Amino acid sequence: MKIVFNILFLFMVIAGLAQEDGHQLWLRDKKARPVTVVCSKNSPTLAIAKQELQNGWQGEPNASVILTLKKDKALKDDGFRLSKNEVIAETEKGVLYGVYELLRRQQTGEAITGEAENPSYQIRILNHWDNPNGSVERGYAGNSIFWCNGPDSLTVTEKDKKFWQEYARANASIGINASVLNNVNASPKIITPEYLSRVKSIADILRPYGIQIYLSVNFSSPSILGKLKTSDPLDKDVIKWWNDKVKEIYSYVPDFGGFLVKASSEGQPGPQDFGRTHADGANLLADALKPYGGIVMWRAFVYSPNDKDRAKQAYNEFMPLDGQFRDNVIIQVKNGPVDFQPREPFSPLFGAMKQTSVMPELQVTMEYLGHDKYLVFLSTMWEEVLQSDTYRQGEGSTVARCTDGSIYPQKYTAMAGVANVGLDTNWCGHQFNQANWYAFGRLAWNVNLKSEQIADEWLKLTFYGAQSSKLGEANYDADWSANFLTPVKQMMLDSREAAVNFMTPLGLHHIMSANGHYGPGPWWAPKGMRADWTPPYYHKAGSDGIGFDRTKTGSDAVSQYHEPLASQLNDINTCPEKYLLWFHHLAWDYKVKSGRNLWDELCYRYDEGVNQVRSFQKVWDKAGVYVDSTRFLEVQRKLRIQCVNAVLWKDACLLYFQQFSEMPIPFELERPVNNLDVMMHNDRGDGRSH
C-alpha cells in the first residue's frame, strides 16, 4: 500500500505542476524585478538589450543599469565587460551579448568579476540543411522555420516573423551571430529574385539580434539559372555571371555574409567537373564577394568511391592547395575525418593547413546519435575534439588554438554547427537536444568552456524554479541542487560515452543502419553499392579479427597526423583504446588493457552502454517532481525508446560479429533478446551519407 500511495502521490504532484512545453528554451519567462536602464544611444539592437533587462532583471530591485559604448583595448570584435550594474562594449552587438551574459549570471549564480569577455571565433554560425520545399535533411524536429511548400510558400506571414524573431533571440542569447538558411545540397533557385525577397524578410528580422545571413549555393547555377554553356570557374562569362548575381543579392541584403559551398562531393557539381581545383572554385566566388566584405565557406567534406581509405581524402585533396585560396575563403572541416560519428579522432586538416583559414564544422543535429530519440549531450564530444593536441606547432597546438587565430593568423575565424532547429514546439524534437544548440553557441563564444559548466548553466536556465511553489520546500535551492541538478547533470555528462558504448565502442565507426543512420546495421552491403557507403568497409570484421588498419603498414592514415601523435596512434601499445579499432585491425583474442580479450571487451562495452541508459531512466524518474509533466513525460518516453534501442544495438552488433569471432558472449552478461535474422530483415534503406 505504501508503494501504491507513493506512486499516486507522485502523479498527483506531477499533474499539479505548472506546464511548460519547452518552446521558450533556456529563456523561460521569469518574474522580473524593477530596473532602470540607462543608455545614451538608440538603435533596434540597443532597444532589444534594454527590453531584455527590463523583462528579466534578477538583481537588486530598483537598480540602475548603464549600457556603455566606448573603446576598450581589452575588447575585440563584439566582446564586452560586465559589472553588476554596467555593460561596456565597443559595438551594439557586444552590448546585447553582455546583457544576456549578465542575466545568465544572475540566474546561475556565477560571479561577475569585471574581466573582458571576448569571443573565441569571429563568426559563430548555424548551418541549416533546409530545403525550399520546407523539408530538412537530417532534421528531426519538424519542417523548416524558413521555407515551406505550397502556392503561397514565399508569402511572409506574421507567424513566420514571430518564429524568426524567437529563433534570433535564442541565438543572440548564446552569442551565435550568423545563419546559413538552406541546405548545402543547394537548390539553384535559392538565389532567384522570388526567394531572395523572402531572404530579405528573414534578414530584416534577424539583423537587430546581430545575426548575419549566408546562403548555400549550387556551383552549376550559371548554367542552370543563367543558361550559360558552362559553369567553369575560369570562364569569363561565368565570372561575370557570379559578379552580377552577388551584386543582386547585396541589393536585397546589404549586410549579406557570403556563401557556403559543398562542391565536387556526393554528386554535387563543382570545379573538378571542369578539371579545376577547389581553390579555383572558391576563389571565383571569393572575388565576387570581396568588394562587399563577403566570405566563402568551402566545405572539405569530399570523398570518391575509389579511394582506399575515405578518412584520408579530404587531407589529400586540400593540403596541396594550402596557400592558394583567397584570404576571404575559409575551409570548413568536419570535426572528424569521416562523418560526424559518435567518436572520431580529429580531422588531420586541423593545424596542417598553415596558410589557409580553417574552421571546425560540428553537427548539432543528431544524424548518427539517435535523431530526436536519444539523450546525448554533445558538448563532451566537441570538447574532446577541440582540446585535442595536433602538435603542429609543438605541444599545446590544440584544434581550438589552430582554428581560433591563436597559432596561425587568419583574417576570419569561424565555427559552424549543423542546426537541429525545426517547427516542433520544443524546436529540437527532444527537450535535451536543446542543450546541444545551447552548448554549440557557448563553445563558439568561449572554446575553453568545460562541458560541466555548460550543462550546469543549461539545467539551471531550463528547469530551475518552475515547481518551487508547488512543492513547498523550505530549502528548495539545496534540495533541487542535490536531487535534480547534480544527478541530471551527471547523466548529461555521461550520455555521450554511453551512446558510444552501446553503438560503436573501441573505435568502431559508421556501422549504422542504412535506414537514416539510426539503428544498427553492421551487415549492410548490398550488391553494387559503393563500398564506402557500407559498414563492412569500416569494421573489416572477419575470422582474423576486426578494425580498420590505418597504420603505416595499412592505409597509412596515421601519417597525416603530426609527430609524436602519428607514432602514438601507429603503435598498438600507445594508441588510446577509444581509437583502437579506428587505427588497428586486431585479432579477436588480442588482450586489451582490462586484461580481457578484444571480443570479451566489446561484449562488456556494449553491455555497459545498455546499463548506463537504464540508469538514466532511474535518474530521470527520481527527478520527476522537479519537472512539469509535459517535459517530464516527453523525456521519460524518449528514454524508454533509447533503452529499447540500446538493447537492439547490443544484440545486433554482438550477434553479427560473433559469426566471425566464434566466441561466446561472457556468461555473466545479459543474453541477447533479439534474433539476428529478424534484425537484418528489418533493416532497409539507401545508406546515403551527407
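In the predicted model, pLDDT (the predictor's confidence in each residue, from 0 to 100) stays under 50 over residues 685-690, and for this stretch the model has 34 contacts (heavy atoms within 4.5 Å) beyond four places in sequence. A stretch with pLDDT under 50 also covers residues 4-18, for which 17 contacts beyond four places in sequence are found. Over the chain, the mean pLDDT is 94, and 95% of the residues reach 70 or more. Residues are numbered from 1 along each chain as its sequence is written, and side-chain values use heavy atoms, with hydrogens and water left out. As the model is a predicted one, local features need pLDDT of at least 70 and side-chain atom pairs count only at pLDDT 80 or more, while totals for chains, interfaces and linings use all residues.

Helices (H or I, at least four residues) and strands (E, at least two) are DSSP runs, numbered from the N terminus. In strand 6 (residues 123-127), 5 of the 5 residues are buried, that is, under 20% relative accessible area with a 1.4 Å probe and protein chains only. Ile-123, Ile-125 and Asn-127 point one way from strand 6, whereas Arg-124 and Leu-126 point the other way. Strands pair if DSSP finds at least two bridges between them; strand 6 is joined to strand 13 by 5 bridges, and the two run parallel, with Leu-126 standing opposite Gly-417 in strand 13. Strand 6 also runs parallel to strand 7 (residues 178-180), to which 3 bridges join it, and here Asn-127 stands opposite Val-180.

Strand 13 (414-418) is also among the elements against which the buried residues of helix 10 pack, together with strand 12 (357-363) and helices including helix 12 (434-445) and helix 15 (476-503). Helix 10 (residues 379-386) is itself mostly covered, with 8 of its 8 residues buried, among them Trp-382, Glu-383 and Glu-384.

A search of the whole structure finds 8 cavities of 30 Å³ or more, where a cavity is a set of points, on a 1 Å grid over the protein atoms alone, at which a 1.4 Å probe fits but cannot get out. The largest cavity holds about 120 Å³ of space, a volume being the space filled by probe spheres set on the points, which are joined across faces, edges and corners.

Note on methods:
On a 1 Å grid over the protein atoms alone, a cavity is a set of points where a 1.4 Å probe fits but cannot get out, and a pocket is an open set with protein on both sides within 12 Å along at least five of seven lines; lining residues have an atom within 4 Å of a point. Buried means under 20% relative accessible area, exposed over 50%, partly exposed in between (1.4 Å probe, protein chains only).
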